[in-house]
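Q: Please take a close look at the surroundings of one ligand in this model. I would like the contacts first, then the setting in the chain.

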Amino acid sequence: MMATYHPGVHKYALFLVLWTVVLLTAGALVTSNDAALAVADWPTSFGSFFPPLRLLAGGALIEHTHRVIAAVLGVFIILLALLLWRYDERPSLKKLGYAAVAGVIFQGILGGLTVIQLLHYWLPVMHACTAEIMFAILVSIAFFTSHWYMQELPQYADSSSPSIHSIVTFNAFLIFLQVLLGAGFRHHYISYVPHVFGSLAVLACVIWTASTLRRRFPDVKPISLARLSLHSLVGLQFLLGLGALWSRLTTADAPQPMPVMIAFTVVHTVVGAFLFAASIITVLLCYRLVPRKTEVIFATTKGEVPA
Ligand code: HEM
Ligand code: HEM
């Protein structure tokens with residue numbers, strides 16, 4: 001179903017994407033500074049929602065700031081869901097708005113349990129992974145509410161096998177798996193070996209995905225933009241990963257946290273979210289521009305000519 005473009009809703013969704021980048025950075029700073037348990041209670045911090053500044057030093061300031069930015073995101077997302085419910089005609093997008101509300105509440109509870117359960121039961125890993133999913137949901141809402149998405153667009157045929165939809169979906173799935181392995185290592189649940197091998201698989205998969213996109217859709221500008229973003233982000237992420245590993249290994253005996261380690265690990269975590277979001281946008285782009293085989297068959301049997 002085509003919907004009416006509301007510039008205000010789209011701009012607000014973009015603002016939430018930026019806010020979430022700040023939140024991802026704040027969260028990654030908590031982990032890299034080893035500040036997760038600097039505030040031992042939850043949902044309050046030191047027994048209050050507004051603890052006195054004298055209690056908020058070092059790690060406690062980082063952890064409490066992360067909580068505040070997250071709580072504000074929660075309020076912002078409820079408003080976004082209300083805007084979608086009020087102004088957007090698409091039931092699926094309204095549902096995505098509700099999913100974002102449920103996701104941010106779930107994420108907040110996971111964060112709280114991470115503290116209360118003293119980082120056990122893979123809770124910090126789940127919290128890190130849900131953060132990336134939340135980011136991807138908000139980026140998708142911004143994409144769906146854009147003027148570009150809502151206009152009439154030319155459709156491009158894809159008769160090759162495997163279909164482009166399967167390839168880009170597999171690519172996004174593999175990147176998410178890599179994020180999971182990275183979080184498992186970052187939170188001391190597994191060794192770094194699976195993540196390092198995983199990075200080679202991700203690199204190969206992104207190169208394959210991008211070259212398939214180029215071969216099948218050489219002149220489609222948005223698809224070219226998507227594959228260039230995937231290429232540059234995976235390259236950057238690979239270098240940052242080498243930097244993160246190097247900084248962890250070389251500062252292992254130094255008094256922690258070392259600024260070089262913080263910088264590499266935080267940026268690597270945040271760019272990981274960018275790469276995952278780019279892979280999701282690539283999936284959505286393909287679904288928007290390339291009819292699936294079943295859609296083509298349906299259109300043909302109804303006597304319509306597929307693009
Ligand atoms: C609602 C949105 C939230 C988002 C998107 C979010 C995101 C993140 C991210 C990206 C990290 C870094 C993970 C990593 O570096 O591996 C993190 C860490 C953390 N977050 Fe959140 N967070 C949210 C809410 C909360 C809340 C409400 C709490 C409440 C206590 C919380 C507590 C923590 C803790 C303790 C860590 C550090 C875990 C560790 O070092 O092992 N988060 N968060
Ligand atoms: C190319 C694809 C890659 C992706 C998508 C990726 C993604 C990530 C993400 C998202 C995290 C943090 C997870 C969390 O939120 O807790 C992480 C952690 C990490 N990654 Fe990667 N990574 C990649 C490649 C690499 C490479 C090539 C290396 C090194 C050879 C590497 C080394 C690390 C290290 C050392 C950490 C943990 C940082 C710490 O100790 O705090 N990564 N990775």
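A: This is a predicted model. Start with the helices around ligand 2. At least two residues of the shell come from each of α4 (123-144), α6 (164-186), α7 (193-216), α8 (221-250) and α9 (259-289).

Next, the residues themselves. There are 23 residues around ligand 2, and Arg-186, His-195, Gln-237, Arg-248 and His-268 come nearest. By type, the shell divides into 10 nonpolar, 10 polar and three charged residues.

Now the polar contacts, counted within 3.5 Å. The side chain of Arg-186 places an N or O atom 2.6 Å from an oxygen atom of ligand 2. For His-195, a polar side-chain atom lies 2.8 Å from a nitrogen atom of ligand 2. For His-268, an N or O atom of the side chain is 2.7 Å from a nitrogen atom of ligand 2.

Then the chain as a whole. The fold has 10 helices and zero strands. Along the principal axes, its C-alpha atoms fill a box of roughly 70 × 45 × 30 Å.

Last, packing and surface. Of the 307 residues, 47% count as buried. Take the contacts between residues at least 6 apart in sequence: 80% of them join residues at least 24 apart. The chain exposes about 15600 Å², and carbon and sulfur atoms supply 73% of that area.

Notes
Residues numbered from 1 in each chain as written. Chains lettered and ligands numbered in written order. Heavy atoms only, no water. Near = heavy atom within 4 Å. Polar contact = N/O pair within 3.5 Å; in protein donor to acceptor, adjacent residues only side chain to side chain. Helix = DSSP H or I, 4+ residues; strand = E, 2+ residues; numbered from the N terminus. Nonpolar A, V, L, I, M, F, W, Y, C, P; charged D, E, K, R; others polar. Buried < 20%, exposed > 50% of the residue type's maximum accessible area, 1.4 Å probe, protein only. Contact = heavy atoms within 4.5 Å. Areas by Shrake-Rupley, 256 points an atom, 1.4 Å probe, with all protein chains shown as cover.
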